[in-house]
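Reader: I have a new structure open and want to go through it. Can we start with how its parts touch?
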Amino acid sequence: MSKKRALVTGITGQDGSYLAENLLSKGYEVLGMVRRTSTINFDRIRHFQNEVTIVQGDLLDQMSLLDILREYRPEEVYNLAAQSFVPTSWKQPVLTGEFTALGVTRVLEAIRMVDAGIRFYQASSSEMFGRVQETPQKETTPFYPRSPYGVAKVYGHWITVNYRESYELYACSGILFNHESPRRGLEFVTHKVTYGAARIKLGMAEELRLGNLEARRDWGYAGDYVEAMWLMLQQEEPDDYVIATGETHSVQALCEAAFGYLGLDWREYVECDPQYFRPAEVDLLVGDASKARDRLGWEPSVRFEELIQLMVDADLKALQMDKG
Ligand code: NAP
Ligand code: F7E
């Protein structure tokens with residue numbers, strides 16, 4: 001039997017790297033879309049780079065997406081590429097809209113034109129709930145985004161639903177709450193804290209400057225969340241699902257967990273810095289993933305404390321290796 005073929009946009013990102021590994025372990029042939037950069041940024045995929053086919057394309061470039069689908073004819077497309085950092089979306093709102101919103105339409109148009117049988121996953125986000133209209137948030141909770149990123153993701157979600165309803169595409173929107181790992185970008189708060197605490201522990205830094213310590217998030221493990229993406233594309237009917245742990249913790253609790261694990265008191269090292277506060281904040285997110293549990297059989301396997309500890313351990317190890 002021939003292998004199933006999947007295209008992953010954003011393969012060089014956190015989720016793309018875990019999803020590609022996950023698909024390879026299931027026997028898939030994996031195509032990874034990368035955009036042109038002057039220096040190759042394959043840090044997250046280097047260890048399995050030879051097992052995937054790298055194809056060049058960009059969410060800004062419709063022809064490149066059409067060409068990839070025409071040439072490789074994947075059965076599944078996972079659209080993970082985006083401008084994903086919320087603060088940058090205020091600095092570059094138009095570019096964020098081009099990548100994170102219109103980019104989704106470009107992928108869907110390419111699917112519609114090349115093969116409407118291709119199954120499509122869209123990386124939607126809990127940031128769409130923004131100023132939350134109910135708690136916990138589930139698939140039916142109304143959206144109220146609070147950043148240009150959140151607004152762009154609402155567009156991406158609805159265009160996915162619209163193409164499903166207009167053209168009968170098998171298109172799913174996965175509404176994923178924050179998920180983290182040692183491969184998370186260092187600018188996101190979990191990794192900023194675990195890396196910062198590890199540097200302080202090793203005597204490489206003296207303080208850590210953060211923004212709003214009161215914001216609360218539902219943090220899960222990226223490795224668990226990519227399995228949910230795959231499960232969504234294996235059902236009889238396409239649908240939308242919230243993926244979350246159902247627990248919420250503040251940024252302060254994150255500091256307590258990371259510094260505490262290293263035997264440090266976070267209050268001695270963390271400074272609040274106004275530059276990290278946002279023009280509009282998402283104060284509280286906590287998801288209800290019971291639909292995913294009931295229909296996909298999906299459950300998170302890593303809880304908050306364990307997640308933070310595995311990230312601290314990975315940062316300590318990497319920093320010690322750097323030190324020689
Ligand atoms: P990430 O680490 O920031 O990765 C983003 C990926 O998108 C990178 O591979 C990046 O390529 C690529 N990309 C950006 N612009 C592109 C363009 N114009 N054309 C082609 N590729 C482009 O993000 P992540 O954490 O893995 O998240 C994956 C997806 O899930 C994103 O859509 C994000 O918005 C969404 N999401 C994430 C979370 C979360 O908690 N992680 C939660 C909900 C939704 P370069 O390496 O070249 O920059
Ligand atoms: O912020 C607060 C900040 O940048 C979390 C993306 O993957 O998840 C991510 O978006 C919270 C916010 O993630 C700092 O104000 C305090 O309330 O780690 P973050 P995010 O904005 O929730 C969603 C689901 C996505 O879809 C996005 O793509 O932490 N915070 N101090 C800080 N945040 C940062 N980054 N840096 C600080 O110093």
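Reader: How many residue pairs are in polar contact between domain 1 and domain 2?
Author: Two residue pairs are in polar contact between domain 1 and domain 2, both at pLDDT 80 or more. Keep in mind that this is a predicted model.

Reader: Which elements give two or more residues to the side of domain 1 that touches domain 2?
Author: Those elements are α3, covering 86-91, and β10, covering 220-221.

Reader: And which one gives the most?
Author: That is α3, which puts three residues into the side of domain 1 that touches domain 2.

Reader: How do the residues on that side divide into nonpolar, polar and charged?
Author: On the side of domain 1 that touches domain 2, six are nonpolar, six are polar and three are charged.

Reader: Salt bridges next. What's the count between the domains?
Author: One salt bridge is counted between domain 1 and domain 2.

Reader: Which side chains meet in a salt bridge?
Author: E127 and R217 do, with 3.7 Å from N to O.

Reader: Back up a bit. Where are the two domains in the chain?
Author: Domain 1 takes in 5-179 and 220-243. Domain 2 is made up of 186-217, 248-284 and 302-323.

Reader: How many residues does each give to the contact?
Author: Domain 1 gives 15 residues and domain 2 gives twelve.

Reader: What separates their centres?
Author: Taken over C-alpha atoms, the centres of domain 1 and domain 2 are 27 Å apart.

Reader: Last one: how much area do they bury between them?
Author: About 1,300 Å², with 63% of that on carbon and sulfur atoms.

Notes: Residues are numbered from 1 along each chain as its sequence is written. Chains are lettered from A and ligands numbered from 1 in the order in which they are written. This is a predicted model: local features need pLDDT of at least 70, side-chain atom pairs count only at pLDDT 80 or more; totals for chains, interfaces and linings use all residues. Side-chain values use heavy atoms; hydrogens and water are left out. Domain bounds come from an automatic or database domain assignment. Contact means heavy atoms within 4.5 Å. Buried area is the accessible area (1.4 Å probe) that two parts lose on being put together, summed over both. A salt bridge is a side-chain nitrogen of Lys or Arg within 4 Å of a carboxyl oxygen of Asp or Glu. A polar contact is a pair of N or O atoms within 3.5 Å; within protein, one must be able to donate a hydrogen and the other to accept it, and residues adjacent in sequence count only if both atoms are side-chain atoms. Helices (H or I, at least four residues) and strands (E, at least two) are DSSP runs, numbered from the N terminus. Ala, Val, Leu, Ile, Met, Phe, Trp, Tyr, Cys and Pro count as nonpolar, Asp, Glu, Lys and Arg as charged, and the others, Gly among them, as polar.
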